[in-house]
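This report concerns one protein chain and the way its parts pack together. The sequence and the model are shown first.

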Amino acid sequence: LLNCDGDKVKEKYCQCRDLIVEETLRLCRKKEISLKMDGKIEDVIKEYSTMVYRLAFAKTGNKFDADEVFQEVFYRYVKKKPQFKDKEHQKAWLLRVTVNCSKKLLKSSWKTKIVSLENADDFVVEEHRDLHNELSLLSPTYREVIHLFYYEDMSTEQIAKLLNRKTSTVRTQLTRARAMLKTFMKEEDYV
């Protein structure tokens, strides 16, 4: 899902996203949480679903955990009904909640006691499979900053603020991640 260029990947992703959106809305109804947020909840989910899912996937490393984080993020959105000054504030809130939910999931006792099945290849466009494989070798910290910088077009200052890190730390992590990727790619003769 790191790059949705292929028609099959887009179609599969949209089907999965729609199912997760329906499940999220069903969960909200079950918990008796009002969905009357000016009738825009589905629009918000559709507008930010790709961003939230990609970050969750980058952070967790697999589809099932990313689905779980995705659902939790929008469940919290519906439950809390936050008010935002503008679209950027809304985007920042969703990114922050996605990061927090991902961290919480990865630190949970359930997650630390299970062995993950590597199924991430289902959502990777064939021509980007090599890059995806190399990105998966990075630690979650490095994958996270690479994702935010390159896929979400965030500056190092924005990433630092979002992740509660110093700007210099984010720059260092980006530099190290790029160096690691370059090394991985050279070892596999991609460069």
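**Overall fold**

The model is predicted. The protein chain contains nine helices and zero strands, and its pattern along the sequence reads α-α-α-α-α-α-α-α-α. Of the 191 residues in the protein chain, 45% are buried. When contacts between residues at least 6 apart in sequence are considered, 68% of them join residues at least 24 apart.

**The pairing of α2 and α4**

Helix α2 spans residues 41–60, and α4 spans residues 87–107. The two helices pack at an angle of about 35°, and their axes lie 10 Å apart. The crossing of α2 with α4 is right-handed. On the α2 side, the residues that meet α4 are Val44, Glu47, Tyr48, Met51, Val52, Leu55, Ala56, Lys59 and Thr60. On the α4 side, the partners are Lys87, Gln90, Lys91, Leu94, Leu95, Thr98, Val99, Ser102, Lys103, Leu105 and Leu106. Sorted by class, the contact of α2 with α4 comprises 11 nonpolar, four polar and five charged residues.

**Individual buried residues**

Two residues of α4 deserve a separate description. Threonine 98 lies in α4 and is buried, its relative accessible area being 0%. Apart from its neighbours within four places in sequence, threonine 98 is in contact with Val52, Leu55, Ala56, Val69 and Val73.

Glutamine 90 also has its place in helix α4. Is glutamine 90 buried or exposed? With a relative accessibility of 9%, glutamine 90 counts as buried, because the cut-off for burial is under 20%. Its contacts, leaving aside neighbours within four places in sequence, are Val44, Tyr48, Tyr77 and Phe84. Glutamine 90 and valine 44 are 46 residues apart along the chain, yet their C-alpha atoms are separated by 9.6 Å.

| Residue | Relative accessible area |
|---|---|
| Tyrosine 53 | 4% |
| Phenylalanine 57 | 3% |
| Glutamine 90 | 9% |
| Threonine 98 | 0% |

**Aromatic pairs**

The count of aromatic pairs comes to seven. One of these is formed by tyrosine 53 and phenylalanine 57, which are stacked, with 6.4 Å from centre to centre and 20° between the planes. Both residues belong to helix α2 and are four residues apart, about one turn of the helix. An α-helix has 3.6 residues a turn, so residues three or four places apart point the same way. Tyrosine 53 is buried, as is phenylalanine 57. Ring pairs also link Tyr53 and Phe57 with Phe70 and Phe74 into a cluster.

**Helix α8**

Which residues of helix α8 are buried? In this helix, which covers residues 156–163, they are Thr156, Ile159, Ala160, Leu162 and Leu163. Viewed down the axis of α8, these buried residues fall within an arc of 165°, so they line one face of the helix. They pack against α4, α7 (140–151) and α9 (167–187). After α8 comes asparagine 164, whose phi is positive, near 55°.

Note on methods:
Residues are numbered from 1 along each chain as its sequence is written. This is a predicted model: local features need pLDDT of at least 70, side-chain atom pairs count only at pLDDT 80 or more; totals for chains, interfaces and linings use all residues. Side-chain values use heavy atoms; hydrogens and water are left out. Buried means under 20% relative accessible area, exposed over 50%, partly exposed in between (1.4 Å probe, protein chains only). The arc is that of the directions from the helix axis to the C-beta atoms. Contact means heavy atoms within 4.5 Å. Axes are lines fitted to C-alpha atoms, for helices over the stretch in contact, and angles run from 0 to 180 degrees between N-to-C directions. A crossing is left-handed if the near helix is turned anticlockwise from the far one by less than a right angle, and right-handed if clockwise. Ala, Val, Leu, Ile, Met, Phe, Trp, Tyr, Cys and Pro count as nonpolar, Asp, Glu, Lys and Arg as charged, and the others, Gly among them, as polar. Rings of Phe, Tyr and Trp (its six-membered ring) pair if their centres lie within 6.5 Å; planes under 30 degrees apart count as stacked, over 60 as edge-to-face and the rest as tilted.
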